Amino acid sequence: MTRAFLIVMDSAGIGGAPDADRFFNGEMPDTGANTIGHIAQVRPLNMPNLDRLGLGAAIRLASGVDAPGLCAKPQGLWGAATETSMGKDTPSGHWEIAGVPVPWDWHVFPNTRPTFPPELTARICELAGTDGILGNCYASGTQIIDQLGEEHLRTGWPICYTSVDSVVQIAAHVDHFGLDRLLNLCEALAPTVHAMRVGRVIARPIDGVPGAFGRTPDRHDYAIAPPGKTILDIAAGAGRATHAIGKIGDIFSHRGVTHLHKGRSDADLADHLIRLADQAEPGSLTFANFVEFDSLYGHRRDVQGYAQALEWFDGVAGLLIAALRPGDMAIFTADHGNDPTWHGTDHTRERVPVLGAGVGLRAVGQVAYADIGASMMAHLRLPAPDHGRSFL
């Protein structure tokens, strides 16, 4: 029985979103943003495995941009996908890929100081057992822990912030505040936030000392549950094994996940993926998300770091492709963009690549995000989700 592997390259957009003018970084629209295309124009990319599938061709299809280094003639399934959900965030992208476009507008906090309403701040304080919070603003996560980390150690108050995404992020020191205390705080806060149509509460554990604070790998997302049946629900409901790697379990509130694979590093997650290519059950669905391209490089506007991470990931993709069995299919895609050459620090509204191995040469053209999930189900001979149509 055939197997399916769906790998989301977090934030690896390829430009060309037709509604990019409706999404902003600060006061500048996302019109013209192109994560992989612009990285390649700054520093030509060496990604032979994904380019052989059709990455360079997908970029040209999506946005008309030539990406230096990505010029191979496609040998796999290739195309570009356009999102319909009104967000450029992780849950919106993943849910729609999995067959469930977001049917509402997410609540986004205003870019003011303070950003959170008083009743939400009071609830955080109540759950944290503190007299106040730090931050209470739009912020880059790495920058705000540098700015407020020492005050956090002195006061014991959690660092709370948001962005243009529908999210509440809470950072706290694992030794001084406590990891379990932080996770319990975020889990208890999640129902209040979800009732506001805010997509996620993210626990951001930190460690280190003033001048050298850093995030630990113990991040946890408390996401609102998808409002419909995803491909994970469908596959698990049919008795198939479903393997979630990295953030996938959190993004889907662990619904439809029969096996969860977490790791302390991107290398750990890559090992899980390659091992599953060897060991995953016939008829199984593996759904993976890594590397943290956006958190590590996109939000920080680190073009060189992003480029190096893409090339590392291409090596992982090559190992997976080589390990596929006859009848298997692997699809590589992304959930949104985060152009490191762009204005501001937020995600960017973009089309995403659709690159497939195991089904031969096939140009699928411009497709919808939901068509990806529908195609995974068609490959596994399972019922389609409510949205999307197979391009197989």
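**A residue, a sheet and a helix**

Trainee: Is Leu189 buried or exposed?
Mentor: Leu189 counts as buried because its relative accessibility is 0%. Buried means under 20% relative accessible area, exposed means over 50%, and partly exposed lies in between, with a 1.4 Å probe and protein chains only. This is a predicted model, in which local features need pLDDT of at least 70 and side-chain atom pairs count only at pLDDT 80 or more, while totals for chains, interfaces and linings use all residues. Residues are numbered from 1 along each chain as its sequence is written, and side-chain values use heavy atoms, leaving out hydrogens and water.

Trainee: Where does Leu189 lie, and what does it touch?
Mentor: Leu189 lies in helix H7, residues 174–195; helices (H or I, at least four residues) and strands (E, at least two) are DSSP runs numbered from the N terminus. Not counting residues up to four places away in sequence, Leu189 touches Leu120, Arg123, Ile124, Leu127, Val168, Ile170 and Val201, where contact means heavy atoms within 4.5 Å. Leu189 and Val201 are 12 residues apart along the chain, with 7.5 Å between their C-alpha atoms.

Trainee: Turning to the sheet, what is the strand order?
Mentor: The order is E12-E11-E13-E1-E14-E15-E4-E16, an open sheet of 8 strands with mixed pairing. Strands E12 (259–261) and E16 (362–368) form the edges, each pairing on one side only. Two strands pair if DSSP finds at least two bridges between them.

Trainee: How is E11 joined to E12?
Mentor: Strand E11 (residues 242–246) and E12 run parallel, joined by 3 bridges. His243 has His259 of E12 as its bridge partner.

Trainee: Which helices pack on the sheet?
Mentor: Helix H3 (residues 55–63) packs on the sheet and touches strands E4 (77–82), E15 (352–357) and E16, with its direction at about 35° to that of E4. H12 also packs on the sheet, touching E1, E14 and E15, and its direction makes about 165° with that of E14. The axes are lines fitted to C-alpha atoms, for helices over the stretch in contact, and angles run from 0 to 180 degrees between N-to-C directions.

Trainee: How far apart are the end C-alpha atoms of helix H12?
Mentor: They are 31 Å apart, which agrees with the 30 Å that the 21 residues of H12 (residues 303–323) should span at 1.5 Å a residue. The expected span is 1.5 Å times one less than the number of residues.

Trainee: What is at the start of H12?
Mentor: There, a side-chain oxygen of Asp302 comes to within 3.4 Å of the backbone nitrogen of Gln304.

Trainee: Which residues touch the most other members of the largest nonpolar core?
Mentor: Leu50, Phe313 and Phe332 do, in a core of 85 residues. H12 supplies the largest share of this core, 9 residues. A nonpolar core is a set of buried Ala, Val, Leu, Ile, Met, Phe, Trp, Tyr and Cys residues joined through side-chain atoms within 4.5 Å.

Trainee: What is Phe313 in contact with?
Mentor: Leaving aside neighbours within four places in sequence, Phe313 is in contact with Ile7, Met9, Leu50, Phe290, Val291, Phe293 and Phe332. A second, separate core of 23 residues includes Phe116, Leu120, Ile170 and Val201.

Trainee: And which strand holds Thr333?
Mentor: Thr333 is in strand E14, and Thr333 counts as buried because its relative accessibility is 0%. A polar atom of the Thr333 side chain lies 2.8 Å from the backbone oxygen of Pro353.

Conventions
A polar contact is a pair of N or O atoms within 3.5 Å; within protein, one must be able to donate a hydrogen and the other to accept it, and residues adjacent in sequence count only if both atoms are side-chain atoms.
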